[in-house]
Amino acid sequence: MAEKIYPASKPPQTTAPPPSFPPTKPLTRPVYRPNPRRNRRSCCCSICLILTVTVTILIFILAIAAAISYVIYRPHRPTFSISSLHVTSFNMTSSNKLNTKFSLTLTARNPNKRIVYVMDHADVTLSSKKLHLGDGKVAPFTMGKKNTTTLRTVVTSSGDEVVDDDDVLKGEIKSRKSVEVKIEVETKIRAKIGGVKTKKVPVRVSCDGVKASATGASVSGAKCKVDLRIKIWKWTI
């Protein structure tokens with residue numbers, strides 16, 4: 001018998017497992033975190049802008065109010081003049097010390113129709129070419145609307161003022177010649193408008209053109225100037 005040959009059986013095919021890859025992570029967008037410095041800067045800028053606008057508006061309102069007040073009230077500073085100056089004594093002692101006594105009369109006038117001026121006590125000084133002649137005081141007073149007030153004071157020397165031998169005034173005083181006398185009044189004043197009172201403002205009144213000697217005085221050429229001494233930081237204007 002012929003031998004039957006059977007085909008060899010194929011070995012079972014084995015499939016290799018697919019290559020393994022590391023697991024992929026899902027793509028995520030970075031979280032946006034605002035910069036705190038930028039937020040602070042923008043906040044500061046906003047605050048500065050608001051403050052600037054507020055201050056500008058307030059200044060504008062105050063300027064309008066001041067302009068309206070000026071138009072309504074038309075404020076004028078008070079005026080002063082020298083009415084008389086009587087010489088009681090104007091000489092020197094044997095030790096070259098000055099001996100003076102003057103009776104001074106001032107006239108203060110308020111030209112305003114709606115403003116009242118309230119004056120503090122005033123210090124009065126007389127001098128001639130840097131030589132101090134004497135001091136006096138004026139009591140506090142009030143100048144009503146369209147009012148004229150007469151002020152009187154006695155100006156005397158302290159007895160300590162010594163005149164140098166080479167001073168020109170020494171010969172003029174001894175020879176009873178007339179010398180130029182400067183009168184200064186320093187006080188503080190506040191204005192009263194209805195029920196509103198302003199702060200006190202320093203005032204200096206300077207009067208030139210006065211002549212005095214041991215025999216008398218002349219005030220016919222006297223002129224007075226009123227200066228408001230407003231202080232801004234270290235400067236007085």
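Is Cys224 buried, partly exposed or exposed, and what is its relative accessible area? Cys224 is partly exposed, at 25%.

The model is predicted: local features need pLDDT of at least 70, side-chain atom pairs count only at pLDDT 80 or more, and totals for chains, interfaces and linings use all residues. Residues are numbered from 1 along each chain as its sequence is written, and side-chain values use heavy atoms, with hydrogens and water left out.

**View A. The disulfide of Cys207 and Cys224.** A search of the whole structure finds one disulfide (a pair of cysteine sulfur atoms within 2.5 Å). The sulfur atoms of Cys207 and Cys224 are 2.0 Å apart. The torsion about their S-S bond is about 110°, so the disulfide is right-handed. Cys207 belongs to strand S10 (residues 201–213) and Cys224 to strand S12 (residues 223–228), so the pair ties together parts 17 residues apart in sequence. Strands are DSSP runs of E, at least two residues, numbered from the N terminus.

**View B. Accessibility at Cys207 and Cys48.** Cys207 is buried, with 0% relative accessibility. Cys48 is partly exposed, at 47%. Buried means under 20% relative accessible area, exposed over 50%, and partly exposed in between (1.4 Å probe, protein chains only).

**View C. A patch of positive charge on the surface.** The patch gathers Arg109, Lys113, Arg114, Lys145 and Lys146. Lys113 sits in the loop between strand S2 (98–109) and strand S3 (116–119). Lys113 is exposed, at 61% relative accessibility.

Note on methods: Helix = DSSP H or I, 4+ residues; strand = E, 2+ residues; numbered from the N terminus. Patch = residues over 30% accessible without salt bridge, like charges linked within 9 Å, V, L, I, M, F, W, Y side chains within 5 Å. Areas by Shrake-Rupley, 256 points an atom, 1.4 Å probe, with all protein chains shown as cover. Salt bridge = Lys/Arg side-chain N within 4 Å of Asp/Glu carboxyl O. Lys, Arg positive; Asp, Glu negative; His and termini not counted. Charge placed at Lys NZ, Arg CZ, Asp CG, Glu CD.
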